[in-house]
Amino acid sequence: MSDSPILVLGARGKTGRRVVARLDRLGRPFRAASRSSGTRFDFADRDTWGPALAGAGAVYLIPMNEAVSAATVGEFLTTAAQAGVRRVVLLSARGVGGAVDPYQEPVELALRATDLEWTILRPAWFAQNFGEDLFLEPIRSGELALPTGEGREPFVDAEDIADVATAALTRDGHAGEIYELSGPEPVSFRTAVEMISEATGRRIRYTPLEASQFTAALGAQGVPPEVADLLADLLGRIRDGAGEHVSDGVRRALGRDPRPFADYVKTAAAAGTWSD
Ligand SMILES: NC(=O)c1ccc[n+]([C@@H]2O[C@H](COP(=O)([O-])OP(=O)(O)OC[C@H]3O[C@@H](n4cnc5c(N)ncnc54)[C@H](OP(=O)(O)O)[C@@H]3O)[C@@H](O)[C@H]2O)c1
């Protein structure tokens with residue numbers, strides 16, 4: 001398996017590009033794939049599946065299940081197995097109390113129904129949402145307004161997710177494991193914003209919203225109602241305390257503790273993430 005390329009989906013996303021960087025450093029053959037990557041791959045365009053899978057021994061699977069149906073991902077897994085893939089590492093998500101996130105469950109079940117060797121990663125919310133995604137522009141604008149109240153989440157560093165994913169893709173001993181991945185302690189959004197404010201010297205405010213205010217604000221920005229409702233649901237779970245628990249997956253997979261949120265903030269601030 002070590003000579004076959006590893007197909008990395010979502011290769012320009014928050015975890016995919018970090019997995020690609022690690023495989024590159026290890027000198028392992030890989031194929032970086034997504035709709036805008038060197039290897040074009042689109043779940044919605046089956047003509048892109050075969051070329052991306054040709055000769056691959058393992059796949060880092062980011063199902064993007066907000067946009068792609070579990071049935072499509074299941075068909076992709078069948079195609080992958082027929083193409084000779086033996087190992088799949090799936091990026092899923094944490095649910096409440098050790099359960100799988102209900103939005104991710106159909107894809108997990110589809111993968112577990114195959115004969116492929118699988119490892120499932122169930123991360124908490126990523127620290128990098130603050131600097132590379134959803135929360136970046138609000139933070140740059142000086143106000144992050146969310147329906148999360150004073151709820152706390154042990155944000156996980158995408159560097160840790162990529163370390164676990166790379167280990168599971170390239171080494172034996174992770175087959176059949178479900179790793180719940182979180183940071184070492186829960187942090188509220190108010191505290192997260194204060195930490196970023198302090199590290200950058202910028203005035204940034206956290207404003208708790210009602211779910212209806214949040215979805216209305218997203219609607220005004222042109223976000224489709226089903227995406228706004230999904231985000232409000234996921235963030236509402238944090239408000240209700242369902243995301244607070246710390247998970248031991250980084251230690252189980254790698255034998256070390258996860259990176260603290262404070263380290264992420266320090267590194268991202270030093271890199272100018274929140275500068276204009
Ligand atoms: N962010 C979090 O806090 C978090 C927490 C837990 C779980 N998750 C899960 O992690 C996964 C990744 O989510 P993310 O928001 O963090 O995204 P991301 O990994 O930062 O980006 C995903 C990448 O997927 C590619 N993509 C999008 N639609 C595609 C399609 N139809 N076919 C092929 N590739 C496509 C995009 O690249 P191109 O535009 O180049 O195609 C994008 O760069 C999701 O399934 C999410 O549920 C996220």
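This is a predicted model: local features need pLDDT of at least 70, side-chain atom pairs count only at pLDDT 80 or more; totals for chains, interfaces and linings use all residues.

Guide: The chain has twelve helices and eleven strands. Its radius of gyration is 19 Å, close to the 19 Å that the globule rule gives for 276 residues, so the chain is as compact as a globular protein of that length. If you boxed up the C-alpha atoms along the principal axes, you'd need roughly 50 × 40 × 35 Å.

Now for the inside. Of the 276 residues, 44% are buried.

Let's stop at Tyr60. Leaving out residues up to four places away in sequence, Tyr60 touches Ile6, Val8, Leu9, Gly16, Val19, Val89, Ala165 and Leu169. Two names in that list, Val19 and Ala165, turn up again where helices H1 and H7 meet.

So how do you describe a meeting like that? Two packed helices are described by the angle between their axes and the distance between the axes. For H1 (residues 16-26) and H7, the angle is about 50° and the axes are 9 Å apart. That angle makes H1 oblique to H7. Their crossing is right-handed. On the H1 side you'll find Arg18, Val19, Arg22, Leu23 and Leu26, and these meet Ala158, Glu159, Ala162, Ala165, Thr166 and Thr170 in H7.

For another helix pair, look at H9 (residues 211-220) and H10 (residues 225-239), which pack at about 145° with their axes 9 Å apart. The contact is made by Ala211, Phe214, Thr215, Leu218 and Gly219 of H9, together with Pro225, Ala228, Asp229, Ala232 and Gly236 of H10. The H9 and H10 crossing is right-handed.

One last stop: Glu108, in helix H4 (residues 105-112). Glu108 has 20 other C-beta atoms within 10 Å, so it counts as buried. Not counting residues up to four places away in sequence, Glu108 touches Leu90, Ser92, Val100 and Ile120. Ile120 is twelve residues from Glu108 in sequence, and their C-alpha atoms are 7.6 Å apart in space.

Technical notes. Residues are numbered from 1 along each chain as its sequence is written. Helices (H or I, at least four residues) and strands (E, at least two) are DSSP runs, numbered from the N terminus. The radius of gyration is taken over C-alpha atoms; the globule rule is 2.2 Å times the number of residues to the power 0.38. A residue is buried if 20 or more other C-beta atoms lie within 10 Å of its own, exposed if 12 or fewer, and partly exposed in between; C-beta atoms are placed from the backbone. Two residues are in contact if their C-beta atoms, placed from the backbone, lie within 7 Å. Axes are lines fitted to C-alpha atoms, for helices over the stretch in contact, and angles run from 0 to 180 degrees between N-to-C directions. Angles under 35 degrees count as roughly parallel, over 145 as roughly antiparallel, 65 to 115 as roughly perpendicular and the rest as oblique. A crossing is left-handed if the near helix is turned anticlockwise from the far one by less than a right angle, and right-handed if clockwise.
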